[in-house]
Structures are given as C-alpha cells and as structure tokens.
Amino acid sequence: MTYVVTDACIRCKFMDCVEVCPVDCFYEGENMLVINPSECIDCGVCEPECPAEAILPDTESGLEQWLELNAKFSAEWPNITAKKDAPADADEHKGEDGKFDKYFSAEPGEGD
C-alpha cells in the first residue's frame, strides 16, 4: 500500500506533508505534488497534515488513476523535502471540483 496525492492538491500545493515525510517521497510539479509509490513506506503521517485533504491511501476505491499519475510524475519531477509557501491563491482553490481538467500541468516544479 501507498498514499497518493489527488487533484485536491492542484493549485493548492500547501506542502505541509513534505515537512513530515520521513522518507522524502514527495515530488514537485508546477502546481501540485505527487508521492513516489515505490518510496512511500505507508506510515500515513502526511495524510492528516494536508489542509486540502488531497492525500489518500491507495486502498480507497477509485484512486487507480491517481496511483498511475503519482508513479509517472514522481519519476519526472524533482524531489521536494522542505516546505515552501503555498500559492497566494491556494485557499481560493481549496475544495474546488474538476481541478485536474481545468488546471493540471505536467511541467515540473523547482524541487529543493
């Protein structure tokens, strides 16, 4: 089992999760984070830290596409191990529906 980041992270990218991850398995895209499922140790400490409730265990139904997306982009995007400031408009996008279709970017973030 692993944890996955879902579209609730898009345009929010709060990064509280990055601070608590003991294995540094988060990777930064332009407007969201992903978890490398091969590196995640299933400790679960990141899940309650996410203000956008974007992190879920892959055992929940309907998360197959997010597991694939996390695996794909964690191999392409840079590793992030230190919390950065969230986007200025993050709170405006918190809880918004359909963010993947509206805003997803495959572009990498800056990483550490």
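**Buried contacts, charges and rings in a predicted model**

His93 sits in helix α3, where helices are DSSP runs of H or I with at least four residues, strands are runs of E with at least two, and numbering starts from the N terminus. The model is a predicted one, so local features need pLDDT of at least 70 and side-chain atom pairs count only at pLDDT 80 or more, while totals for chains, interfaces and linings use all residues. Residues are numbered from 1 along each chain as its sequence is written, and side-chain values use heavy atoms, with hydrogens and water left out.

Back to His93: with a relative accessibility of 8%, it counts as buried. The cut-offs here are under 20% relative accessible area for buried, over 50% for exposed, and partly exposed in between, using a 1.4 Å probe and protein chains only. Not counting residues up to four places away in sequence, His93 touches Arg11, Cys12, Lys99 and Tyr103, contact being heavy atoms within 4.5 Å. A charge counts as sitting over a ring if NZ of Lys or CZ of Arg is within 6 Å of the ring centre and within 35 degrees of the ring normal. Lys72 does likewise with Phe73, its charged end lying over the ring at 5.0 Å from the centre.

Phe73 also belongs to helix α2 (residues 64-74), whose buried residues are Trp66, Leu69, Asn70, Phe73 and Ser74. Viewed down the axis of α2, these residues fall within an arc of 115°, so they line one face of the helix; the arc is taken from the directions between the helix axis and the C-beta atoms. Glu64, Gln65 and Glu68 are exposed on the other side of α2. The cover over the buried residues of α2 includes β1 (3-5), β2 (26-28), β3 (33-35) and α4 (99-103). Ala71, another residue of α2, is partly exposed, with a relative accessible area of 35%. Its contacts, leaving out residues up to four places away in sequence, are Ile35 and Pro37. Ala71 and Pro37 are 34 residues apart in sequence, yet their C-alpha atoms are 6.1 Å apart in space.

As for the rings, the structure holds 5 aromatic pairs. Rings of Phe, Tyr and Trp (its six-membered ring) pair if their centres lie within 6.5 Å; planes under 30 degrees apart are stacked, over 60 edge-to-face, and the rest tilted. Ring pairs join Trp66, Phe73, Trp77, Phe100 and Phe104 into a cluster.

The largest nonpolar core has 32 residues, and those with the most contacts inside it are Val5, Phe26, Met32, Leu33, Ile35 and Ile55. Such a core is a set of buried Ala, Val, Leu, Ile, Met, Phe, Trp, Tyr and Cys residues joined through side-chain atoms within 4.5 Å. The elements giving two or more residues to this core are β1, α1 (16-20), β2, β3 and α2. Leaving aside neighbours within four places in sequence, Phe26 is in contact with residues including Val5, Cys17, Val18, Cys21, Leu33, Ile35, Cys46, Ile55 and Pro78.

Turning to charged pairs, the structure holds 7 salt bridges, each a side-chain nitrogen of Lys or Arg within 4 Å of a carboxyl oxygen of Asp or Glu. One of them joins the side chains of Lys13 and Glu28 (2.8 Å, N to O). Lys13 is in the loop between β1 and α1 and Glu28 in strand β2, so this bridge ties together parts 15 residues apart in sequence. Both ends are out of the way: Lys13 is buried at 9% relative accessible area, and Glu28 is buried at 4%.

Lys83 bridges to Asp16, with the closest N and O atoms 2.7 Å apart. This pair links distant parts of the chain, Lys83 being in the loop between α2 and α3 (90-93) and Asp16 in helix α1, 67 residues apart. Lys83 is partly exposed at 43%, as is Asp16 at 21%.

Glu110 and Lys84 form a further salt bridge through their side chains (3.9 Å, N to O). Glu110 lies in the segment after α4 and Lys84 in the loop between α2 and α3, so the pair ties together parts 26 residues apart in sequence. Glu110 is exposed at 68% relative accessibility, whereas Lys84 is partly exposed at 25%. Salt bridges with shared partners join Lys13, Glu28, Lys84 and Glu110 into one network.
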